Amino acid sequence: MKLFDCNCGARVFFDDYWCTACGADLGYAPEKAEFLSRPPGETFFGAADGGQWKACRNRDLHTACNWLLPADDPAHFCVACRLNSIIPNLSTEHNLVLWRRVEHAKRRLVYSLIQLGLPLEAAHGRAPLRFEFLEDQRSNPQVAESLVMTGHRAGIITINLLEADDVARHVVREQMSERYRTLLGHFRHESGHYYHELLAPPGPARDEFRALFGDERDDYATALARYHEAGPAADWGERYVSPYASSHPLEDWAECWSHYLHITDGLETARATHFVAAPAADWDAEVSLWISVSVRLNELARGLGVDDPYPFVLNGPVRAKLAFIHRRLAATPWAGAAAAAGH
C-alpha cells in the first residue's frame, strides 16, 4: 500500500476520512490513485487538474466507504461498492460495525486488483466479480441459512459476516489449527479462484499450471472431504505454502495467489515507509527480499507479544508457483503492463 498526502501536505492513510491536520474531508479516487480533499461543508472533492469528484453513497449513508467517483458519473456508488450484490441487514449497530470491517478489507483487495490491471467486470466470457456478505443462524437465528461458507462460485465471492467478528474468527482459527486467518486473507484467497481461468487458460499456460500445482480436474468435493477427514499431506511443508494448499490444486493456486498479493502489497508498503529500498532486480529477488522483511516483522511482533504476522515458509516449490503467477500476470495483455511496472 502506498502512502498519501492531503492537499495541505499532511500524511494521510488509506482508510482516512478526514485530515487530522487541516480538518478537510478526504476521499480516495481509484482512477487517479490519490486522495482528494474538500473543505468542510463543500459538496465535491477537487483534483489538481480541476476535476470534481463526489463521495460514494456508502460514505453518506453508513460511513462505510471513503472512495470517490467523478462528479458527473450517473452512478451513486464507487467502483468497489458497485461490486456488492448482497450486503448484510444493517438495522443493528453490531452488523454495521462488522460490515464496515468487511468493506475495509474488500477495498484493499480491489486496490491491489486495480494496481495489477485486472478486470473487475465481465470480460472474455467471464462473469463479473461480485460480492455477497451473508449471515447464518450462528450469528442471527432469524435468517434462513443455517450455515454460510466463505467461498467463490461463478464470479461471486461470499463472505460470512462472522469472519469480521474477531472472537468468532479466532475460535474457528483454533478449531481449524490455522496460524493465519484474516478477512483480507479470505478476500485475497477467493479472488484467486475468480482469476484462475483468466491467468491459466487452456493451452501451454494450463499445462504449466498442472506441472506445478497438479491436475485441477481431480474431483474437488472428494479431495476436500479427504482433506477434512485425514488432514493435510504428510509432506505439505516441503511442497505447499499452507496445509490447506495440499487439499486440491485449485486451493493450492488460491493460496499461492493470496500470498502473491500479500508479498506485492507488503513490499509496496515497506518501500513507501522506507522500510526497504528500491525494487529488487527481478521477481525471485523480490521474494528473497520479502522473506527478509517478514522475518523482521515476525521478530518485531514477538517483541510486542503478539502472533507472527507472516507465519509461512516459502520453500522452493512455492517460490516456483509464485514465479508462475508473476509470469502469467506479465503475459496477460490487460494486466501485463501494470505487473511489469510494479516489479
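Residues are numbered from 1 along each chain as its sequence is written. In this predicted model, local features need pLDDT of at least 70 and side-chain atom pairs count only at pLDDT 80 or more, while totals for chains, interfaces and linings use all residues; side-chain values use heavy atoms, with hydrogens and water left out.

Two packed helices are described by the angle between their axes and the distance between the axes. Axes are lines fitted to C-alpha atoms, for helices over the stretch in contact, and angles run from 0 to 180 degrees between N-to-C directions. Helices are DSSP runs (H or I, at least four residues), numbered from the N terminus.

Helix α5 (residues 204-213) and helix α10 (residues 316-331) have axes that come within 10 Å and cross at roughly 165°. Therefore α5 is roughly antiparallel to α10 (angles over 145 degrees). On the α5 side, the contact (heavy atoms within 4.5 Å) is made by Ala205, Glu208, Phe209, Leu212 and Phe213. On the α10 side, Ala320, Lys321, Phe324, Arg327 and Arg328 take part. By class, this contact of α5 with α10 has six nonpolar, no polar and four charged residues. Ala, Val, Leu, Ile, Met, Phe, Trp, Tyr, Cys and Pro count as nonpolar, Asp, Glu, Lys and Arg as charged, and the others, Gly among them, as polar.

Helix α8 (residues 249-272) also packs with α10, at an angle of about 75° and with the axes 9 Å apart. Therefore α8 is roughly perpendicular to α10 (65 to 115 degrees). Residues of α8 in this contact include Trp253, Trp257 and Ile263. Those of α10 include Lys321, Leu322 and Phe324. The contact of α8 with α10 has nine nonpolar, two polar and two charged residues.

A nonpolar core is a set of buried Ala, Val, Leu, Ile, Met, Phe, Trp, Tyr and Cys residues joined through side-chain atoms within 4.5 Å. Buried means under 20% relative accessible area, exposed over 50%, and partly exposed in between (1.4 Å probe, protein chains only). The largest nonpolar core has 72 residues. Trp67, Leu118, Leu129, Phe187, Tyr195, Trp257 and Leu314 touch the most other members. Helix α2 (residues 93-115) gives the largest share of this core, nine residues. A second, separate core of seven residues includes Leu36, Ala47, Ala55 and Leu68.

Leu304 lies in the loop between α9 (283-303) and α10. Leu304 counts as exposed because its relative accessibility is 71%.

Terms used:
Helices (H or I, at least four residues) and strands (E, at least two) are DSSP runs, numbered from the N terminus. Angles under 35 degrees count as roughly parallel, over 145 as roughly antiparallel, 65 to 115 as roughly perpendicular and the rest as oblique.
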